[in-house]
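Subject: Structure for your files

Hello,

I am passing on the structure we spoke about. The sequence and coordinates come first, and my notes follow.

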Amino acid sequence: MARYAMVIDTRRCIGCQSCTVACKVHNELPVDMIYNPVTTVGPTGVFPNLHMVHIPLLCMHCENTPCVDACPTGASLRREDGIVWINEKKCVGCKACVMACPYGARISNQEKGIVQKCDFCLDRVDMGKIPRCVQSCHQKARIFGDLDDPNSEVVKLINSHHTVRLLDELGSKPSVFYIYGLEAQMR
Amino acid sequence: MKRNFDFEQEGIQVKKSCCYFCHQNCGVLAYVKDDKVLAIEGDPDFPTNTGGLCCRGNIALLHLDHPDRVNYPLRRVGKRGEGKWETISWDQALDEIAAKLGQIREEYGAEAVATAGGTQRTDDWARRRFMNLFGSPNGFHNSHLCWIPTFMIETAVCGWSPFEIDLSYSRCIVLWGQNPGASNMPEMHHLSELRQKGLKIITIDPRFTETAAKSDLWLPLRPGSDLALALAWLHVIIYEGLYDPVFVENYCEGFGELANHVEQYTPEWAEPLTWLSADLIRESARMYAMNKPGNIQWGVAMDQQGRASGAAIHARTLIRAITGNLDAPGSDLLTGPSLEFITDEEMEANEYLSEEQKAKQIGADKFKLLTWPGYSKIAEMSKKYWGKVPTAEWMCEAHPPSVFRAILSGDPYPVKALLVSATNPVNSYGESKLVLDALREVDFMVTCDYWMTPTAALSDYVLPIAGALERPTITSSYGCSDFLLASQRAIKPMYERRNDYNFWRDLGIRLGQKDMWPWETVEDAYLHKIEPLGYGSDSYDEFVEYWRFHFPERQYQKYLDKGGFGTPSGKIELYSSVLKDLGYSPLPEYVGPVENEIDHPELAEEYPLVLSTGNGFMPFHHSEHFQIPDVRFLNSEPYFQINPETAEEYGIEEGDWVWIETQRGRMKQKADVTQAVAPRVIITQRGWWFPERKMKEPDLAGCLESNTNVLTSTRDEDCCPLSGTWANRGLLCKIYKVDSTEQKEGN
């Protein structure tokens with residue numbers, strides 16, 4: 001069984017938001033709904049000594065899932081391969097999971113009366129394809145793969161770089177790893 | 001692309017199409033069934049984008065059948081700009097337009113018909129062919145702002161423009177006024193890959209851009225001071241002995257003159273002009289000169305500086321030449337035109353335009369390099385050396401601001417008709433108020449477009465044009481590269497849309513050019529172009545499906561075999577005989593930005609801030625895509641950048657609406673208070689109009705309200721004397737908050 005994960009190389013991300021739009025189009029989301037915003041921090045410093053970093057955000061596909069625990073109807077689920085998803089047929093839109101998620105990754109779709117979020121494009125993953133945001137990224141700043149495959153790019157990157165998982169201290173054990181370093185450490 | 005899309009369903013075909021929302025033409029796979037595109041994704045096998053698509057590329061299907069698209073030929077029924085139209089057939093529209101053009105030619109001469117284009121989103125060799133056969137020399141684009149002055153000056157000095165950068169062997173690249181992080185994603189990707197392997201990146205840009213943030217060295221120069229910086233680089237490279245003495249000795253002419261000429265241009269001289277420290281100027285020049293081989297990548301910045309443009313481009317060309325970064329592995333390559341396929345120029349029928357008509361080209365008497373006088377000279381030189389010549393469309397055109405002025409004044413002669421294809425001049429050309437007046441004034445106007453733009457709204461006829469997935473595309477750098485990338489149409493054009501090629505062809509046939517248009521479809525014409533490559537494809541589509549690209553084998557240092565370079569002397573002419581013969585300085589002479597505090601202290605008192613306009617930003621391209629909410633939400637309103645120190649001085653806070661005013665007029669954008677720009681610098685966004693508003697006179701969807709081209713200058717004396725390019729950058733402006741009573745829409 002695979003164990004899916006994503007590595008995001010913030011040294012490569014240029015904040016173009018191609019992933020944001022690719023995701024919206026793929027998931028046919030209303031204009032005000034975004035699964036994976038790109039947050040730009042900066043430019044920080046004082047001209048001309050500046051620094052800027054872009055941090056793409058999405059569902060962290062945690063191993064310990066406060067959202068799934070909070071769901072009263074069993075609509076929020078975690079698959080064996082690690083993908084956390086919502087069975088829309090069972091979702092009643094109560095938003096308990098929205099409150100529970102420490103990453104703000106779950107969004108209420110007012111029109112449909114349900115909660116939605118990134119599910120690593122499980123429809124594509126089940127076809128053997130990579131998530132839409134990963135394919136769309138010119139910069140190859142998003143890398144998707146299987147943590148149980150020692151030859152996968154994600155395993156290699158995680159083992160050869162200093163990576164960070166957001167709010168790791170909560171014990172949620174996200175499947176999204178960030179390579180974060182100053183520009184000088186690019187090489 | 002929808003969820004759960006079955007890529008393997010019965011009857012589905014995968015078409016090798018491309019994106020058409022900028023001229024990178026990223027490869028796109030279109031999944032088509034029953035002549036409908038059901039899904040698209042980036043083509044992982046395409047050499048440039050390798051599967052990636054930017055935010056624009058991703059919305060191709062929303063663009064394809066957007067409810068605001070123009071789908072049928074429209075004829076104006078009300079007054080100009082009143083917004084009343086009737087739908088007619090293509091045949092009727094073309095018959096009527098042809099009759100009107102014939103009548104104008106009869107009465108005023110063929111030169112009274114002009115045509116305006118935008119960026120390369122069309123088959124403009126066909127436009128040129130039509131115009132040549134019709135007899136008018138007055139076609140133009142805003143190509144002056146984009147590469148064309150660079151191409152022609154570099155060709156004058158080196159015998160061809162070294163625009164092919166051999167990045168994989170390079171150690172250092174200079175991104176001079178280029179921001180691939182927002183305008184050229186495939187390039188940015190390759191730069192990032194190579195940077196991890198040690199490539200040094202120097203970014204020269206007044207803004208801390210997406211690209212500057214990923215660079216080894218960032219030079220935030222004063223907008224419009226590129227010439228001073230380039231001259232100081234030449235000084236450092238020559239007087240610190242960092243040039244390539246063997247290359248200079250054997251392959252360059254005029255080094256002594258150049259060395260004497262730039263002696264005065266020390267980094268200390270440049271410091272107050274560029275706002276960069278002499279140390280930083282030295283450090284950057286050394287980084288480029290000492291990390292060989294290296295590249296200087298072209299960016300639009302130097303093409304958009306008006307009177308200082310030509311000299312700045314010239315100086316940049318010389319930096320490359322004296323460091324020997326020309327045609328060697330890892331440097332900037334002089335490929336010459338393709339000798340293997342039929343080039344765009346060979347499709348243009350330039351030989352059919354009489355000398356008498358060429359002489360009437362508007363602007364040719366003032367700006368000689370990009371018009372028939374300079375082009376003929378360069379074409380002759382190029383023919384002799386390479387055997388073929390650069391594309392005349394783009395490289396040899398009427399001077400756009402002079403044509404707009406001719407419409408208004410009748411000087412040098414009346415211009416009565418304007419055929420507009422793939423451009424919205426009100427927002428894209430300089431001095432928008434003047435352009436708008438001209439569009440209102442011109443007797444007869446036809447616009448070919450996807451949308452009802454402010455320009456289309458003023459037209460007599462608006463014709464629906466096929467877009468990205470509905471047309472085939474050959475990508476070949478304005479017809480000047482020695483390679484080509486070929487893409488096919490995914491589906492037939494929807495509704496009554498047609499390819500722009502068919503517009504020119506069908507119009508030509510109605511005006512007696514029938515024998516000259518043997519290719520019924522654009523695919524037929526493309527097949528004719530690629531046939532000499534010898535792939536043996538029976539159709540253009542077959543070529544795309546089996547081959548898709550043609551890349552010739554890379555040849556370095558061709559000057560060794562060819563006995564020199566393609567200039568009159570056979571050497572790189574640091575002291576340019578071609579420019580001298582045309583009456584210009586053979587060496588780059590310093591001239592300040594069009595408006596600056598040193599030459600114009602009184603002006604600077606009234607307009608104390610330095611303005612730069614025209615740079616690209618995501619998710620828009622030029623003046624496009626404002627209609628599409630799925631990208632517009634990323635940047636829903638116009639913003640300009642201002643440093644916090646300056647903002648505080650003017651009492652401006654983040655998000656305030658602010659008037660920005662130059663001698664030409666004012667427009668308003670919202671304040672983005674950011675450290676990304678220096679104090680006293682104002683950088684605006686380009687292109688803005690508001691499709692969500694009423695497309696009617698006098699507001700025309702707010703086409704002047706936040707339009708940065710209201711501020712730019714196109715006066716003859718502000719234009720580059722060589723190329724005629726006008727001034728988007730290095731201007732002076734003042735700013736003041738929009739009063740609470742002025743916030744209603746419209747100017």
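Two strands are taken to pair if DSSP finds at least two bridges between them. This is a predicted model.

Chain A first. Strand E2 (residues 38-46) and strand E3 (residues 49-56) of chain A are antiparallel, and seven bridges join them. E2(A) and E3(A) form a hairpin, with two residues between the strands. One of the pairings involves A:Gly45, whose bridge partner in E3(A) is A:Leu50.

Now chain B. It has 28 helices and 27 strands. Chain B is as compact as a globular protein of 747 residues, because its radius of gyration of 25 Å is close to the 27 Å that the globule rule gives for that length. Taken along the principal axes, the box filled by the C-alpha atoms of chain B is roughly 70 × 70 × 60 Å. Of the 747 residues in chain B, 62% are buried. Among contacts in chain B with a separation of 6 or more, 75% are between residues 24 or more positions apart.

One residue in chain B may be worth a look. B:Gly102 is in helix H3 (residues 90-108) of chain B.

Regards

Key. Residues are numbered from 1 along each chain as its sequence is written. Chains are lettered from A and ligands numbered from 1 in the order in which they are written. This is a predicted model: local features need pLDDT of at least 70, side-chain atom pairs count only at pLDDT 80 or more; totals for chains, interfaces and linings use all residues. Helices (H or I, at least four residues) and strands (E, at least two) are DSSP runs, numbered from the N terminus. The radius of gyration is taken over C-alpha atoms; the globule rule is 2.2 Å times the number of residues to the power 0.38. A residue is buried if 20 or more other C-beta atoms lie within 10 Å of its own, exposed if 12 or fewer, and partly exposed in between; C-beta atoms are placed from the backbone. Two residues are in contact if their C-beta atoms, placed from the backbone, lie within 7 Å.
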